[in-house]
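Here's a quick tour of a protein model, written for someone just starting out.

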Amino acid sequence: MEKETVIQKRRLNQSKKMYERYGDEVIRYMWSVHKFLLNKFGYISDEWFLSLQMLADNLNMFFKCRDQIAEDGIFIENKFGNLDKHPLIKVQNDAQIQIVKLINEFGLSAKSVARLKVEDTEEDDLLNDLLND
């Protein structure tokens with residue numbers, strides 16, 4: 001029992017260090033992800049930390065792009081004086097794609113939660129069919 005507590009404290013410290021360089025928005029979201037995973041699985045596996053780090057990196061990039069685009073505007077003037085779409089829009093969209101993939105990977109989206117419930121129901125039905133035959 002004490003060994004599990006030591007491991008949990010080590011993981012908590014690892015998580016704190018991992019997110020300290022991000023803004024409050026990312027930190028709050030990542031802690032909510034940690035709480036979700038702890039509630040769902042009872043632990044956070046060491047193997048998940050890289051994926052959690054990638055999620056935090058992409059969230060950070062997404063928010064930085066969002067803020068810079070809001071400051072500069074959607075269109076910026078190029079060297080010829082013409083208006084072009086802000087180049088950070090592509091970076092922001094790429095980060096968003098990765099965020100959605102990682103959110104689905106951890107079962108954090110409403111769609112993935114609904115899919116898990118359907119799969120659980122199907123497994124229960126199959127089990128009931130096998131037991132009742």
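Let's begin with Gln53, which lies in helix α3 (helices are DSSP runs of H or I with at least four residues, strands are DSSP runs of E with at least two, and both are numbered from the N terminus). With a relative accessibility of 16%, Gln53 counts as buried (buried means under 20% relative accessible area, exposed means over 50%, and partly exposed is in between, using a 1.4 Å probe and protein chains only). Leaving aside neighbours within four places in sequence, Gln53 is in contact with Met18, Arg21 and Tyr22 (contact means heavy atoms within 4.5 Å).

Before going on, keep in mind that this is a predicted model, where local features need pLDDT of at least 70 and side-chain atom pairs count only at pLDDT 80 or more, while totals for chains, interfaces and linings use all residues. Residues are numbered from 1 along each chain as its sequence is written, and side-chain values use heavy atoms, with hydrogens and water left out.

**The overall layout**

- The protein chain has five helices and two strands.
- Starting at the N terminus, the order of elements is α-α-α-β-β-α-α.
- Of the 133 residues in the protein chain, 26% are buried.
- Take the contacts with a separation of 6 or more: 57% of them are between residues 24 or more positions apart.

- Is Asn60 buried or exposed? Asn60 is buried, and its relative accessible area is 16%.
- Not counting residues up to four places away in sequence, Asn60 touches Tyr22, Gly23 and Val26.
- Glu77 belongs to strand β1, residues 75-77.
- Glu77 is exposed, at 59% relative accessible area.
- Setting aside neighbours within four places in sequence, Glu77 has contacts with Asn82 and Leu83.

**Helix α2**

- At 1.5 Å a residue, the 18 residues of α2 (residues 24-41) should span 26 Å, and the end C-alpha atoms are 25 Å apart, which agrees (the expected span is 1.5 Å times one less than the number of residues in the helix).
- Which residues of α2 are buried? They are Val26, Met30, Val33, His34 and Leu37.
- Just after α2 comes Gly42, with a positive phi of about 85 degrees.

**Helix α4**

- At 1.5 Å a residue, the 18 residues of α4 should span 26 Å, and the end C-alpha atoms are 26 Å apart, so that agrees.
- Buried in α4 are Ile89, Gln92, Ala95, Ile99, Leu102 and Ile103.
- Looking down the axis of α4, these buried residues fall within an arc of 145 degrees, so they line one face of the helix.
- Over on the other side of α4, you'll find Lys90, Lys101 and Glu105 exposed.
- The cover over the buried residues of α4 includes α2, α3 and β2 (83-85).
- Just after α4, Gly107 has a positive phi of about 70 degrees.

**How the helices pack**

- Two packed helices are described by the angle between their axes and the distance between the axes.
- The axes of α2 and α3 come within 10 Å and cross at roughly 150 degrees (axes are lines fitted to C-alpha atoms, for helices over the stretch in contact, and angles run from 0 to 180 degrees between N-to-C directions).
- α2 and α3 are therefore roughly antiparallel to each other (angles over 145 degrees count as roughly antiparallel, under 35 as roughly parallel, 65 to 115 as roughly perpendicular and the rest as oblique).
- α2 passes α3 in a right-handed crossing (right-handed if the near helix is turned clockwise from the far one by less than a right angle, left-handed if anticlockwise).
- Residues of α2 that meet α3 include Tyr29, Met30 and Val33, and among their α3 counterparts are Leu52, Leu55 and Phe63.
- For α3 and α4 (residues 88-105), the axes come within 8 Å and cross at roughly 150 degrees.
- That makes α3 roughly antiparallel to α4.
- Among the residues making this contact are Met54, Phe62 and Ile69 of α3, along with Val91, Ala95 and Leu102 of α4.
- α3 passes α4 in a left-handed crossing.

Conventions
The arc is that of the directions from the helix axis to the C-beta atoms.
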